Amino acid sequence: MGNSLRALRTKRGWTHDQAAAEMGVSRGQFIKLERGERGLTERTIGLAAKAFGVSRAVVMDEEVAADAPRSSSDAPATSSIRPSDGGAGPDLTKLKGPRDVPVLGTGVCGDDGDFRFNGQTIDYAPRPPGIEGKKDVFVVYVVGDSMAERYEDGDPLYVDPHRRPKPRDIVIVELKAPREGEPGGAFVKRLVRRSGGKIVVEQFNPPKELVFDEDDVVRLHRVIPWTELIGI
């Protein structure tokens with residue numbers, strides 16, 4: 001995958017800065033993606049396809065431009081889309097199934113949360129066998145590094161809005177908006193407990209707990225672990 005990005009960039013005569021700007025990522029992130037030091041995600045594949053004006057399949061094809069010049073440091077590297085709950089697991093792109101799970105658009109919202117739902121469907125993700133027939137499942141992309149190393153920025157999360165989360169589940173805490181008609185902040189965290197009208201969650205980077213009043217929470221979404229996605 002890294003070699004595909006380099007070949008595409010080289011054919012257009014772009015610098016790393018130009019390619020990163022076209023994709024809407026940082027220069028450092030683009031270089032890591034190009035070298036295969038960071039796995040491509042559904043989000044970054046889509047961004048690259050749009051930036052270079054090619055299909056998603058071309059972005060993932062290491063032989064897309066075999067005639068592009070290479071240096072000794074450009075040997076093919078193994079990379080994969082991380083599973084929905086991080087860590088070791090299957091490459092979800094290799095699972096068979098219809099591409100019909102909506103990917104909901106998000107926006108960064110700073111101190112008020114990791115991101116905001118913007119209400120738009122920006123893409124469709126593959127439906128793994130473990131959620132065949134499950135209604136209303138959707139995908140969002142991780143924003144930021146508060147859950148690293150388990151989740152990285154841009155990792156896809158499959159979300160079940162109907163199953164009540166239990167302690168230790170990864171969740172998305174969706175807050176009420178400060179102003180009517182606007183989306184509230186949302187946090188990707190691990191549920192610690194719910195009691196006394198409070199929802200306590202934790203993050204990994206840096207490690208800390210956050211406490212929310214239940215009255216301030218619109219929904220608590222459960223993130224589906226990869227073992228459940230593949231039907232184990």
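These legends walk through several close-up views of one predicted model.

The model is predicted, so local features need pLDDT of at least 70 and side-chain atom pairs count only at pLDDT 80 or more, while totals for chains, interfaces and linings use all residues. Residues are numbered from 1 along each chain as its sequence is written, and side-chain values use heavy atoms, with hydrogens and water left out.

**View 1. The whole chain, before zooming in.** Six helices and nine strands make up the secondary structure of the chain. Here helices (H or I, at least four residues) and strands (E, at least two) are DSSP runs, numbered from the N terminus. The chain has 232 residues, and 44% of them are buried. Buried means under 20% relative accessible area, exposed means over 50%, and partly exposed is in between (1.4 Å probe, protein chains only). Take the contacts between residues at least 6 apart in sequence: 58% of them join residues at least 24 apart. A contact means heavy atoms within 4.5 Å.

View 2. On a 1 Å grid over the protein atoms alone, a pocket is an open set of points where a 1.4 Å probe fits, with protein on both sides within 12 Å along at least five of seven lines; lining residues have an atom within 4 Å of a point. The lining counts 22 residues, and Arg43, Leu47, Thr106, Ile122 and Tyr141 are the ones nearest the centre. At least two lining residues come from each of helix 2 (16-23), helix 4 (42-52), strand 1 (99-107) and strand 2 (115-126). Helix 4 gives the largest share, six residues. Sorted by class, the lining has nine nonpolar, six polar and seven charged residues. For these classes, Ala, Val, Leu, Ile, Met, Phe, Trp, Tyr, Cys and Pro are nonpolar, Asp, Glu, Lys and Arg are charged, and the others, Gly among them, are polar.

**View 3. Helix 2 against helix 4.** The two helices pack at about 110 degrees, and their axes are 8 Å apart. That makes helix 2 roughly perpendicular to helix 4, a label for angles of 65 to 115 degrees. Axes are lines fitted to C-alpha atoms, for helices over the stretch in contact, and angles run from 0 to 180 degrees between N-to-C directions. On the helix 2 side look for Ala19, Glu22 and Met23, which meet Thr44, Leu47, Ala48, Ala51 and Phe52 of helix 4. By class, this contact has six nonpolar, one polar and one charged residues.

**View 4. Helix 2 against helix 3.** Helix 3 (residues 27-35) packs on helix 2 at about 100 degrees, with the axes 8 Å apart. This pair is roughly perpendicular too. His16, Asp17, Ala19, Ala20 and Met23 of helix 2 touch Arg27, Phe30, Ile31, Leu33 and Glu34 of helix 3. Six nonpolar, one polar and three charged residues take part.

**View 5. Leucine 47 in helix 4.** Leucine 47 sits in helix 4 and is partly exposed, at 24% relative accessibility. Leaving aside neighbours within four places in sequence, leucine 47 is in contact with Met23 and Val25. Glycine 24 is 23 residues away in sequence, but its C-alpha is 7.6 Å from that of leucine 47. The buried residues of helix 4 are Glu42, Thr44, Ile45, Ala48, Ala49, Ala51 and Phe52.

**View 6. Leucine 104 in strand 1.** Leucine 104 belongs to strand 1 and, at 22% relative accessibility, is partly exposed. Beyond its neighbours within four places in sequence, leucine 104 is in contact with Phe117, Gln120, Thr121, Ile122, Phe138, Val139 and Val140.

View 7. Asparagine 205 and proline 206 are joined by a cis peptide bond, with omega about -5 degrees. Proline 206 is in the loop between strand 7 (198-204) and strand 8 (207-213). Aspartate 136 is not a glycine, yet has a positive phi of about 65 degrees. Aspartate 136 lies between strand 2 and strand 3 (138-141) and is exposed, at 51%. Arginine 168, also not a glycine, has a positive phi of about 85 degrees. Look for arginine 168 in the loop between strand 4 (156-160) and strand 5 (170-175), where arginine 168 is exposed at 59% relative accessibility.

Key. Parallel < 35°, antiparallel > 145°, perpendicular 65-115°, else oblique.
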